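The following exercises are to be worked with the sequence and the coordinates open side by side. Each task is followed by a solution that goes step by step.

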Amino acid sequence: MVRLLGPQDRLLKTIERQYPLVSVLVRGNEISLSGDADQVHNARELVEELVRMVRDGADLETTDVTESASILDAKAGSPADVLGQVVLTSRGKSIRPKTIGQSEYVNAIDQFTIVFGIGPAGTGKTYLAMAKAVQALQRKEVERIILTRPAVEAGERLGFLPGTLTDKIDPYLRPLYDALNEMMDPEIVPKLLAAGTIEVAPLAYMRGRTLNNAFIVLDEAQNTSPEQMKMFLTRLGFGSKMVITGDVTQIDLPTGASGLQLVTRVLDRIEDIHFARLTSSDVVRHTLVGEIVDAYTKFDAERQAARFERQGSAPEPTNRAERRGQKPADHQRPTTADKRWGR
């Protein structure tokens, strides 16, 4: 009962907010529901599913309550089955999908050889992919894990970093090391890294390699160029599985030409390749993160619509002088040869 209600009855209060016409009374080991008949019926289903999850060993959070209610309202199955799938257990903590989108993403990794996890920050793209990689290694389904990401700064120029090559690339790969230390015994991780069982390397190190019997995760794929994305995908060897994660709204490339954006159009219809698209409803960080993602998505859509409207009303300037509103100089005006060749 304590695990069901949560610390300071936090989960109980979430249930009451989910069904405002229902009064919840807890006495000892019993829960009584009263109020609107329809909402009482829905609340009872929710509580029964939460009890199942607790009995299966899940540590419930407020997001589990709200997401379970959404699954029941959508009649998308049993929340205990959808959200109760434990991917990995580490230090007494279970790692599992917490939304329908995350559950579909995890299932796709089991079913397909190459999976693209595309979505905003906080949707668990990289975390769940790495959990599946550790799970595959523990089950001896693969012989090694390879984690990689492009060494691209997020809008800043750090300049020349001191130290050896490992010291220089370590800041870019630090998020992957942090996740590894959460999922495995920190004392074991250095040994696996030294033995080559786990490899964390920048994307530039992938060229010329064939990766057999490995679970390969490419993080921050929105910062790859189209050429880098093609290079990485063609590293796939026998007995291997690839997961590519990224957020197309957070591109840090100077040119803006992202390989992740292009690959969704190039490989969209190839068998054994799956694109899992997560949304703000799959964000499992602070509730404000989902609202921030929605706000930026709305702002970007309005800005893009305004740009299309301007382009529809006026032709795109053909040279720099016209873009500045100036008359082109004589040497900028099209010549007879230019017209002949369609310049």
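Two strands are said to pair if DSSP finds at least two bridges between them. The model is a predicted one, and its secondary structure comes to 14 helices and ten strands.

**Exercise 1. Determine with which strands β8 pairs, in which sense, and over how many bridges.**

Solution. Begin with strand β6, residues 144-149, which pairs with β8 in the parallel sense over five bridges; here T148 stands opposite L218 of β8. Then turn to strand β9, residues 241-246, which also pairs with β8 in the parallel sense, over four bridges, and in which V243 is the bridge partner of V217. Finally, follow the chain from β8 through helix α10, residues 226-233, to β9: these three elements make a right-handed β-α-β unit.

**Exercise 2. Decide whether the residues of β8 are buried or exposed, and which way they point.**

Solution. Sort the residues by direction first: A214, I216 and L218 point one way from the strand, whereas F215 and V217 point the other way, and all are buried. Since buried means under 20% relative accessible area, the next step is a count, and five of the five residues in 214-218 are buried, so β8 is largely enclosed by the rest of the structure. For the chain as a whole, buried residues make up 41% of the 343 residues.

**Exercise 3. Classify R149 as buried or exposed, and find the side chain that it joins in a polar contact.**

Solution. R149 has its place in strand β6. Its relative accessibility is 11%, and therefore R149 counts as buried. Its side chain and that of E220 are joined by a polar contact of 3.5 Å. Leaving aside neighbours within four places in sequence, R149 is in contact with residues including Y172, L176, L203, L218 and D219.

Key. Residues are numbered from 1 along each chain as its sequence is written. This is a predicted model: local features need pLDDT of at least 70, side-chain atom pairs count only at pLDDT 80 or more; totals for chains, interfaces and linings use all residues. Side-chain values use heavy atoms; hydrogens and water are left out. Buried means under 20% relative accessible area, exposed over 50%, partly exposed in between (1.4 Å probe, protein chains only). Helices (H or I, at least four residues) and strands (E, at least two) are DSSP runs, numbered from the N terminus. A crossover is right-handed if, with the strands pointing away from the viewer, the path from the first strand over the helix to the second runs clockwise. A polar contact is a pair of N or O atoms within 3.5 Å; within protein, one must be able to donate a hydrogen and the other to accept it, and residues adjacent in sequence count only if both atoms are side-chain atoms. Contact means heavy atoms within 4.5 Å.
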